[in-house]
Amino acid sequence: MGTNKFPDSIDTSKPEDNLEGALNGIVASTPDNKAVSSNITTFKGYKALEYLIKNKSVFLKGKAFFKDKEMYNLMHGYEETNYKDSDFIKFVDSFSFLNNQ
C-alpha cells in the first residue's frame, strides 16, 4: 500500500484523470511493465481505478483511489500460477481508515 499527498495546486476534482495518470506513471516506471487492463469503479464511496499490470512473469493487481488530496494505492504482486482473486479481494477489503478519517 502506498499513499501520495497532492498539493493544493494540483486539480483533483476529476480523480479519474489523476488515477489514469498515476497508472501511466507506474507502467512507465519499468521498461517491462505492460498495462493489461484498467477500469474506473468505486471503493468505499470514492472513485477508484482497478488495474492489472504484467512485468515478465509477475502481475501487479491494484486499486487506487483518492480521498480528498490523498491518493491511496493498494497493490498485490503475484506470479500467474499463484493468483487467487479471493486473496486480492480479502487484501483490498481489509483496508480501512484509522479513526474513520
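The points below go from the sheet and its hairpins to the helix, the cores and a few single residues.

This is a predicted model, in which local features need pLDDT of at least 70 and side-chain atom pairs count only at pLDDT 80 or more, while totals for chains, interfaces and linings use all residues. Residues are numbered from 1 along each chain as its sequence is written, and side-chain values use heavy atoms, with hydrogens and water left out. Helices (H or I, at least four residues) and strands (E, at least two) are DSSP runs, numbered from the N terminus.

**The sheet**

- Five strands make up an open sheet with antiparallel pairing, and their order is E1-E5-E4-E3-E2. Two strands pair if DSSP finds at least two bridges between them.
- At the edges you will find strand E1 (2-5) and E2, each of which pairs on one side only.
- On average, neighbouring strands of this sheet are turned by 20 degrees against each other, direction ignored. Axes here are lines fitted to C-alpha atoms, for helices over the stretch in contact, and angles run from 0 to 180 degrees between N-to-C directions.

**Hairpins and turns**

- Strand E2 (residues 33-43) runs antiparallel to E3, and ten bridges join the two. Their hairpin has two residues between the strands, and Lys44 in the turn has a positive phi of about 50 degrees.
- E3 and E4 are also antiparallel, paired over eight bridges.
- Leu52 is a handy landmark: it is the bridge partner in E3 of Ser37, and its own bridge partner in E4 is Lys61.
- Lys56 sits in the loop between strand E3 (46-55) and strand E4 (58-67). Although it is not a glycine, Lys56 has a positive phi of about 55 degrees. Its relative accessibility is 60%, so Lys56 counts as exposed (buried means under 20% relative accessible area, exposed over 50%, partly exposed in between, with a 1.4 Å probe and protein chains only).
- Asp68 lies in the loop between E4 and strand E5 (70-79). Asp68 is not a glycine either, yet its phi is positive, at about 60 degrees. With a relative accessible area of 65%, Asp68 is exposed.

**Helix and cores**

- H1 lies across E2, E3, E4 and E5, and runs at about 15 degrees to E3.
- The largest nonpolar core has twelve residues, among them Phe6, Leu19, Ile26, Tyr51, Leu60 and Met71. A nonpolar core is a set of buried Ala, Val, Leu, Ile, Met, Phe, Trp, Tyr and Cys residues joined through side-chain atoms within 4.5 Å.
- Helix H1 (15-28), E3 and E4 are the elements that give two or more residues to this core. H1 provides the largest share, four residues.
- A second, separate core of nine residues includes Ala48, Phe65, Tyr72 and Val92.
- Not counting residues up to four places away in sequence, Leu60 touches Tyr51, Leu52, Ile53, Met75, His76 and Gly77. Contact means heavy atoms within 4.5 Å.

**A buried polar residue**

- Asn73 belongs to strand E5, and its relative accessibility of 13% means that Asn73 counts as buried.
- The side chains of Asn73 and Tyr51 are joined by a polar contact of 2.7 Å. A polar contact is a pair of N or O atoms within 3.5 Å; within protein, one must be able to donate a hydrogen and the other to accept it, and residues adjacent in sequence count only if both atoms are side-chain atoms.
- Leaving aside neighbours within four places in sequence, Asn73 is in contact with residues including Met1, Gly2, Ile26 and Lys63.
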